[in-house]
Amino acid sequence: MSEPETDAWSAPSNEAIVLSLVAPAAAGGVKPIASFKPKYTYTIFDDEQIFGYQDLRVNIQFNASDMRPHFGLNYSKKFKPTGGTEATNLKEVFSEYLPEVAFQKQKEFTAAVERTRADWTPPGKLAATFTKGGIAHEVWKGNLADPAVKQLLNRIQVFVPLYIEGGTCIDVDEPESDRWTVFFLYQKRPVAHEPERLSYVFVGYSTVYRFFLFHIPTPPASPSENKSDVSVDQLDFNQEFDLSSLPCRTRISQFIVLPRFQQKGIGSKFYSILFQEYLNHTSTVEITVEDPNEAFDDMRDLADLQFLRQLPEFNALHIDTAIKLDKDGIVPRNIFDKAAAEAVRRKAKIAPRQFYRVLEMHLMSRLPEPVRPGIVDPEAGENRKGKGVAAKPTKEQEYEYKLWQLIAKKRVYRHNKELLGQLEVPERIAKLEETVANVAFDYARLLDKAARRVDEEDEENETSDGDAVEAGSKSGKRKADEAAEVEGEEPAIKKRKA
Ligand SMILES: CC(=O)SCCNC(=O)CCNC(=O)[C@H](O)C(C)(C)COP(=O)(O)OP(=O)(O)OC[C@H]1O[C@@H](n2cnc3c(N)ncnc32)[C@H](O)[C@@H]1OP(=O)(O)O
């Protein structure tokens, strides 16, 4: 028997799968609000190919409000099982990612969408509202221990493998599920046939995990002091105490804005709301992000820069040009006021590496114009001001630039110590120079974005359940091929920024 012509029976999974948000249609049935294709399917299908169908379309529909899913298949021909080869069982594959309700009949799904209650609201509690592009948005916050939050998360987790490279779904049944907080982002849109009524349209979500911090206790100066120094030994597990009041590190784990809603400033706003939420949260000592990708990194860098620049004590940080460099080449400790910087960092609850990167970016933006790195390609041998003729810097300006480079070199060296330590000294120096040039290029790119940003947010009304201070920003693509980190701990080398 001849082998099946696999090409004729294979379909690229990124093309064959179509996800859509639907709402009740005026004349009955459902109507699509938005459709989009997955970005990644390699964790689900080998070589991102689905075998065994012709003219295949995998339709995954979601009721735009409660996100009840429906899995549907369309194809013109299915491969007949031959000698152990058979068509991929798509229902079986997707049952790992979608809840059981997704596999009910289309008419049951349609009836459920039609039945959506007019007063339906997302689970949890309303945490913040904002307006973007004239559309009202709401952020709802709930704990994973809440069955309604768990149900909604179960329905949308399929977006993790489809949109986050290397992302993994949360085990919603894990014993300590109450450590997860989920933020759901919704738009409120007028219903087509009843324009005076608004209905919820799911836009994205984020999950946040709480790590408790157990420190070796340092004796407090007074009994009332030192809320954050808690030792496991000090806790009396026979007594009832509120775990949620313990100091913690809060980690943004997954963060998704659906494709239809991207590139509109919505992700930046959502991040700022989360950041503000935990800035106001007394138990949170530090806000970190789990393995961010380049787009998220850019969004966060700009948001953090914008937020920090609102703090006078951050703006007061500067390069101390009076500092003298030792002949032995040891980098002085206080090129900027380290104690003051650390105080700002703690107040802003930003993890050390992220904070000191943003500070470097800010200090670079304050360098005198003739020495300030611009958007040039260091690998193309362009000078730091690009191909144009740069004004000649003074000696003092050159010295300030050198001090800035030393700050960046010291951090980059510490961050990549192991890797750089394997190189011979001349190579090590060259690699460090090259990395810092790339870092400067990346900062220049981000600073350019920050400067060009038209901040529409002031004209938009916004409220939140806490004090509404925003750190909104936009996003972009990152270039550096450098180190990654588990924030708050020492980093491992990974494709990210230095
Ligand atoms: C911790 C983690 O989960 S890491 C994984 C992050 N998640 C993903 O990668 C999943 C898929 N991607 C996404 O969910 C989204 O693309 C995100 C979250 C990364 C970014 O969300 P977005 O809503 O697109 O961000 P936002 O719109 O604020 O910024 C993106 C771009 O839009 C631009 N933009 C901002 N406001 C506007 C606006 N009003 N109009 C047009 N463009 C705008 C920004 O300048 C930015 O441009 P850039 O790409 O040149 O920098």
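# Questions about a predicted chain

Mentor: The chain has 14 helices and 15 strands. In this naming, helices (H or I, at least four residues) and strands (E, at least two) are DSSP runs, numbered from the N terminus. The model is predicted, so local features need pLDDT of at least 70 and side-chain atom pairs count only at pLDDT 80 or more, while totals for chains, interfaces and linings use all residues. Residues are numbered from 1 along each chain as its sequence is written, and side-chain values use heavy atoms, with hydrogens and water left out.

Trainee: What share of the residues in the chain is buried?

Mentor: Of the 498 residues, 49% are buried. That word has a cut-off: buried means under 20% relative accessible area, exposed means over 50%, and partly exposed lies in between (1.4 Å probe, protein chains only).

Trainee: Why is Glu290 called partly exposed?

Mentor: Set its value against those limits: Glu290 has 32% relative accessibility, so it counts as partly exposed. Glu290 sits in the loop between β14 (284-289) and α8 (294-308).

Trainee: What makes Glu290 an "active site" here?

Mentor: That label comes from UniProt, where an unreviewed entry lists Glu290 under "active site". UniProt positions are given in the numbering used here, feature names are shortened, and annotations may be inferred rather than shown by experiment. Another annotation in the unreviewed entry, "domain: Histone acetyl transferase HAT1 N-terminal", covers residues 9-165. Over residues 9-165 the chain is 22% helix and 35% strand, and the end C-alpha atoms are 27 Å apart.

Trainee: Which residues is Glu290 in contact with, leaving aside neighbours within four places in sequence?

Mentor: Contact means heavy atoms within 4.5 Å. Glu290 has such contacts with Arg251, Ile252 and Ser253.

Trainee: What makes the pairing of the Glu290 and Arg251 side chains a polar contact?

Mentor: A polar contact is a pair of N or O atoms within 3.5 Å; within protein, one must be able to donate a hydrogen and the other to accept it, and residues adjacent in sequence count only if both atoms are side-chain atoms. The side chains of Glu290 and Arg251 make theirs at 3.1 Å.

Trainee: Why are α12 and α14 called roughly perpendicular?

Mentor: Two packed helices are described by the angle between their axes and the distance between the axes. Axes are lines fitted to C-alpha atoms, for helices over the stretch in contact, and angles run from 0 to 180 degrees between N-to-C directions. Angles under 35 degrees count as roughly parallel, over 145 as roughly antiparallel, 65 to 115 as roughly perpendicular and the rest as oblique. Helix α12 (residues 395-415) and helix α14 (residues 425-452) pack at about 110 degrees, with axes 10 Å apart. Therefore α12 and α14 count as roughly perpendicular to each other. Residues making this contact include Trp404 and Tyr413 of α12, and Leu432 and Tyr443 of α14.

Trainee: What is the handedness of the crossing where α12 passes α14?

Mentor: The crossing is right-handed. A crossing is left-handed if the near helix is turned anticlockwise from the far one by less than a right angle, and right-handed if clockwise.

Trainee: Why is α8 described as roughly perpendicular to α11?

Mentor: α8 packs against helix α11 (residues 352-365) at about 70 degrees, with axes 10 Å apart. So α8 is roughly perpendicular to α11. Among the residues that meet are Asp301 and Leu305 in α8, and Phe355 and Met361 in α11.

Trainee: How do α11 and α14 cross?

Mentor: Their axes come within 10 Å and cross at roughly 75 degrees. α11 and α14 are therefore roughly perpendicular too. Met361 and Ser365 of α11 are among the residues in this contact, as are Val439 and Leu447 of α14.

Trainee: What does Ser365 touch, not counting residues up to four places away in sequence?

Mentor: Ser365 touches Arg309, Arg372 and Leu447. The Ser365 side chain also reaches the backbone oxygen of His362 at 2.6 Å.

Trainee: Why is Asp47 called exposed?

Mentor: Asp47 has 70% relative accessibility, so it counts as exposed. Asp47 lies in the loop between β3 and β4 (49-51), and it has a positive phi of about 55 degrees although it is not a glycine.

Trainee: What makes Asp55 exposed?

Mentor: Its relative accessible area is 62%, so Asp55 is exposed. Asp55 is in the loop between β5 (53-54) and β6 (57-63), and its phi is positive, about 55 degrees, although it is not a glycine.
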